[in-house]
Amino acid sequence: MPDDRELWERICRGDAFAFDALYRMHAPKVELFLRQILRSRQAAEDVMQETFAQIWRSPNGFEPSRGTLRAYLFGAARKRAAEFWRKQGAVSNREAENEPADCKAEIASLVGDAFARLPEEQRTLIWLREVEGQSYAELAVILEIPVGTVRSRLFTAREALRIVWHAAPNVRKEDA
Amino acid sequence: MKCEDAGEFVSALCDGERIPREAAEHIGECEVCRSRLNAYSAMGTELRRVASSEEQTEVNAGSWEKVARTQLTWWQRGSTTMRIPRFAFASMLGIILLLSCGLVLVRARTAVGGPVFVLSYKIPADGRVGRCMMVIGGKRKINSCSEGMGGPWGFLTMKIRYLGKEAERIALGVKTSYEPQQRPLGMSNIDTLQDVPEQTVWIEPGSKQKISVPGLGEIELTGEYLDRIPTLLFRPSETLDPQKDEFRIASPVLIRGKEVVFNLDGSSIDSGDPDAALMIYFPGEGRYLISTVPFQGAVEGKVDVGQIKFTVEGQDYLLLTAMPTTRSEHVWVTHDPQYKLSEHMQGAHDDQSMFMVRSLRKLLQQQIRHIM
């Protein structure tokens, strides 16, 4: 498997096979991540497609010296998601709140419920760390914040999740 | 260490990060922190379980191409067809026609960005405005100008050089020299600028720029493009009517009998001096002095809008100018054929022509040290 730099250089030269490899490797995870922050399967799919389409049309912005290609992709997806929120505005927020049958059903567990109640930034951070296994350095690239800030914000997010989780009526005491 | 201080390290430990020894010891001994560590770990495990159970999108080789194709570029979008109502199409054509007519009118009216750049500079001491013109396009190029302005506050000499242009902005090299003493004749001396460093100033039409002149203050600079060389540089936007106590001349032509004595370019103006006078020097002809007030040895001439008629030494003269020179109906004229410019103006040569309007008193009594 080519390393990030080689893969990116081939993509920049218009190598469709290289881009296909990138897409197949990361698109599912990027979409899953987007579902958590957009709370809509359709919106997540759209934003994921826009993210990759934009990278194929004009591949720029990735610097191997600054982080991994995976971190760059998730960062790009996160920015697209933020643009999506800005464009959709209150309509999408309202739809998301009234849409328990979509994503919320998929993460139907006590932790999942608690997770869904967190602010978007904390959901992003916890998902990327716990599910995607992004390192602190990668999180710093994705969120464009210093590594030290990643650590403190992760703690804040986890603590928020723990408090919401504890507040749920069915939490067993020994879990806490 | 207290639990609240150790919380961040509990989170870091959960991520497999190294933590300080003191924090590690506290977490090992503290039930609350260990419970928190277990909770964090359980939350992570549960989230990963939930994520694993979620349906992931299946992607096949080449599936991204469909995605890319659906994101049409602007030219691809432009090549597709669309349907609009007939009245909307007709309205669109009408609007395009109207806008086109308007654009033509605007272009005809303004003609911005012409080859002539007129720089205005405002003196802080009395608010007077001087102007300098550069022609940076076309056949007749003028890339620099030297200016002088004086008053009770002293005398300012400027040399301005065209350096370059970027879009509408123009870069000028400006040298200034200020003398607090008043100059009797109001003539500038560019020799004073020889050792003065040149400042580069960017001027954008419509905006003000300032340059600092030690001892005088800040001079305000503005500039505008014209599509032609103005007839009267000093007041390009004014009418042809001369003001009170104003004498001005542009592109003078002197005719003696049926012979053209000279035909000169340029313009000069003097405002506020009730004895304003025109001095013209031409090689081989000497000096003509034409004043709005009588003076010794002068003969009376008649002003008729842009013409001045007079007779000296038995010969009839007609001075034609490109615009009315003065509100006065009469002028007084002398002719000194023996006048040598080099004997009166330091640095001047006898084979060069020149003309200027100044106070008669100054023209008569002063030895001119230098000419710009």
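Predicted model: local features only at pLDDT ≥ 70, side-chain atom pairs only at ≥ 80, totals over all residues.

Trainee: OK, pick one. Which residue does Glu138(A) form a salt bridge with?
Mentor: Its partner is Arg70(A), and the closest N and O atoms are 2.7 Å apart. Glu138(A) sits in helix 9 (residues 136-143) of chain A and Arg70(A) in helix 4 (residues 69-88) of chain A, so this pair ties together parts that are 68 residues apart in sequence.

Trainee: And is Glu138(A) buried or exposed?
Mentor: Buried, because its relative accessibility is 9% and the cut-off for buried is under 20%. Arg70(A), at 22%, counts as partly exposed.

Trainee: Why would two side chains like that pair up at all?
Mentor: Opposite charges can pair when the charged atoms of the side chains come close.

Trainee: What about Glu130(A), which side chain does it meet in a salt bridge?
Mentor: That one meets Arg48(B), at 2.9 Å from N to O. Glu130(A) is buried at 10% relative accessibility, while Arg48(B) is partly exposed at 34%.

Trainee: Which residues are joined with those two into one network?
Mentor: Arg129(A), Arg158(A) and Asp15(B) join Glu130(A) and Arg48(B), through salt bridges that share partners.

Trainee: Switching topics: at what angle do helix 1 and helix 2 of chain A pack?
Mentor: About 125°, with the axes 7 Å apart. Helix 1 covers residues 4-12 and helix 2 covers residues 16-38. That angle makes helix 1 of chain A oblique to helix 2 of chain A.

Trainee: Is that crossing left-handed or right-handed?
Mentor: Helix 1 and helix 2 of chain A cross in a left-handed way.

Trainee: Last thing, the surface. Which residues make the nonpolar patch of about 450 Å²?
Mentor: Ile84(B), Phe89(B), Met92(B), Leu93(B) and Ile96(B) make that patch.

Trainee: Where is Ile96(B)?
Mentor: In helix 6 (residues 86-110) of chain B. Ile96(B) has 45% relative accessibility, so it counts as partly exposed.

Conventions:
Residues numbered from 1 in each chain as written. Chains lettered and ligands numbered in written order. Heavy atoms only, no water. Patch = residues over 30% accessible without salt bridge, like charges linked within 9 Å, V, L, I, M, F, W, Y side chains within 5 Å. Areas by Shrake-Rupley, 256 points an atom, 1.4 Å probe, with all protein chains shown as cover. Salt bridge = Lys/Arg side-chain N within 4 Å of Asp/Glu carboxyl O. Helix = DSSP H or I, 4+ residues; strand = E, 2+ residues; numbered from the N terminus. Buried < 20%, exposed > 50% of the residue type's maximum accessible area, 1.4 Å probe, protein only. Axes fitted to C-alpha atoms, helices over the stretch in contact; angles between N-to-C directions. Parallel < 35°, antiparallel > 145°, perpendicular 65-115°, else oblique. Left-handed = near helix turned anticlockwise from the far one by under 90°.
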